[in-house]
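Here is a short report on one structure. It covers sheets, helices, a cavity and a single side chain.

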Amino acid sequence: MRITLVTHYYPAHRGGIELVAAELAKRLAAAHGAEISWHASDCDPAPAIPGVACVPAASCNAVERRLGLPYPLWSPRALRQVARAARAADAVHLHDCLYLPNLAAYSAARRAGRPVLVTQHVGMIPYRSAALRGLLSVAYRQLARRVLESAAQAVFVSESVRRYFESFVRFKSPPLLVANGVDISIFRPADEGKRRALRAELGVAPETPLLLFVGRFVEKKGLPVLRQLAARLAHARWLFAGWGALDPERWQLPNVGVMRNRSGAALAALYQAADLLVLPSTGEGFPLVVQEAMACGTPALVGADTAAGCPDAAGVLLWEDTAGEDVAARWERRIRTLLQPGRPLSAMRPQVACYAAASWSWDACARRYAELFQRCTAR
């Protein structure tokens, strides 16, 4: 089967969507014989994946650099190229539906009668700016609705995101929930001896709480709240692994450290060393970093809408509301409770790791997608 895959970036950009796309493409090519043509922006190097032909698109990434919004703009030639690839494929796979190249590929596939499978990762993002919120709402109800309604299959990685779109989209086929996987050969628990060694390498004493954030340094990830928390919880060591405009290094707080360009085993070491992943993000479904942390046995404290994205994890996933007034105060009280003597977070680690290992598998995820592509093309 020839599949044209379209994302806004390649995995070197270190965003969750493109990392998910890479894992699926690798397994669909290796285990299911798919021939994949992957089109994404050329602002990052393309990966080398057997069976996957990467086609970097000439693009401008000024919107993300200036505004923190990951929306690359492709050249007209690149848009024509992805449209040709969509017409020539047996099926088209789009990750999210509002990016300009995704819309170009969708339009070309629809005119050529090619089935389109859309994986929708995020829903409504409650930006502080009323203008941005309004623009996103209109885009979802005008553009995204058309793509999702005519797609051969819509797949959601989060229950909360599926519910949001079900409120105004009339799907051609019932929308499906397919959880992302985790590479448990990399993201796995460490025993206490290794955890102590990892913490020592990071300069963290055994009795010092180690709180971790992983992701882009942007508003929707909760960086304004995290800045307040780092200042209020000065007795804890905070590590921020990521990149972006709201760089925690600028806070000049003595208990804050920033780690850059961490991935794979190097990122897993941070999860294993940490006592708690803190992610007060909004409007992004169920982030891959939560799954990776939990696969390492590290409890995660997330926003209420993020927790709603995976209701089955209610027994092992910690959450706090990110809406209303005094968000930082509520999160501070919750974290202080979790860090009280008696080590409740340490007691959670085995249960958290067991849930992740039993629930999230990339191989199972890829098998489900292979079935969906076969069904779409058979129609």
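## Terms and model

Contact means heavy atoms within 4.5 Å. Axes are lines fitted to C-alpha atoms, for helices over the stretch in contact, and angles run from 0 to 180 degrees between N-to-C directions. Helices (H or I, at least four residues) and strands (E, at least two) are DSSP runs, numbered from the N terminus.

This is a predicted model: local features need pLDDT of at least 70, side-chain atom pairs count only at pLDDT 80 or more, and totals for chains, interfaces and linings use all residues. Residues are numbered from 1 along each chain as its sequence is written, and side-chain values use heavy atoms, with hydrogens and water left out.

## The six-stranded sheet

Six strands form an open sheet with parallel pairing, in the order E12-E11-E10-E13-E14-E15. Strands E12 (256–259) and E15 (318–320) are the edges, each pairing on one side only. On average, neighbouring strands of this sheet are turned by 25 degrees against each other, direction ignored. Two strands pair if DSSP finds at least two bridges between them. E13 (residues 276–279) and E14 (residues 300–303) pair in the parallel sense over three bridges. Val 278 has Leu 301 in E14 as its bridge partner.

Helix H12 (residues 327–338) lies across E10, E11 (237–243), E13, E14 and E15. H12 runs at about 155 degrees to E15. Helix H10 lies across E10 (210–216), E13 and E14, at about 170 degrees to E13.

## Helix H10

H10 (residues 288–295) is mostly covered: eight of its eight residues are buried. Buried means under 20% relative accessible area, exposed over 50%, and partly exposed in between (1.4 Å probe, protein chains only). The buried residues of H10 include Gln 291 and Glu 292. Just after H10, Gly 297 takes a positive phi of about 85 degrees.

## The seven-stranded sheet

Another open sheet has seven strands in the order E3-E2-E1-E6-E7-E8-E9, with parallel pairing. Its edge strands, E3 (52–57) and E9 (176–177), each pair on one side only. Helix H3 (residues 76–88) packs on this sheet, touching E1, E2 (35–41), E3 and E6. The direction of H3 makes about 150 degrees with that of E1.

E1 and E2 pair in the parallel sense over five bridges. Val 6 stands opposite His 39 in E2. In E1, four of five residues are buried. E8 (residues 153–156) and E9 pair in the parallel sense over two bridges. Phe 156 has Leu 177 in E9 as its bridge partner.

## The cavity

A cavity is a set of points, on a 1 Å grid over the protein atoms alone, where a 1.4 Å probe fits but cannot get out; lining residues have an atom within 4 Å of a point. Grid points are joined across faces, edges and corners, and a volume is the space filled by probe spheres set on the points. The largest cavity has a volume of about 40 Å³.

E1 (2–6), H1 (16–32) and E6 (91–95) each supply at least two lining residues. H1 gives the largest share, four residues. The lining includes Ile 3, Leu 28, His 93 and His 95.

## Arg 163

Arg 163 sits in helix H6 (residues 159–166). Arg 163 is partly exposed, because its relative accessible area is 43%. The C-alpha atoms of Arg 163 and Ser 150 are separated by 18 Å, and the two residues are 13 residues apart along the chain.

Note on methods. 1 Å grid on protein atoms, 1.4 Å probe; cavity = no way out; pocket = protein on both sides within 12 Å on 5 of 7 lines; lining within 4 Å.
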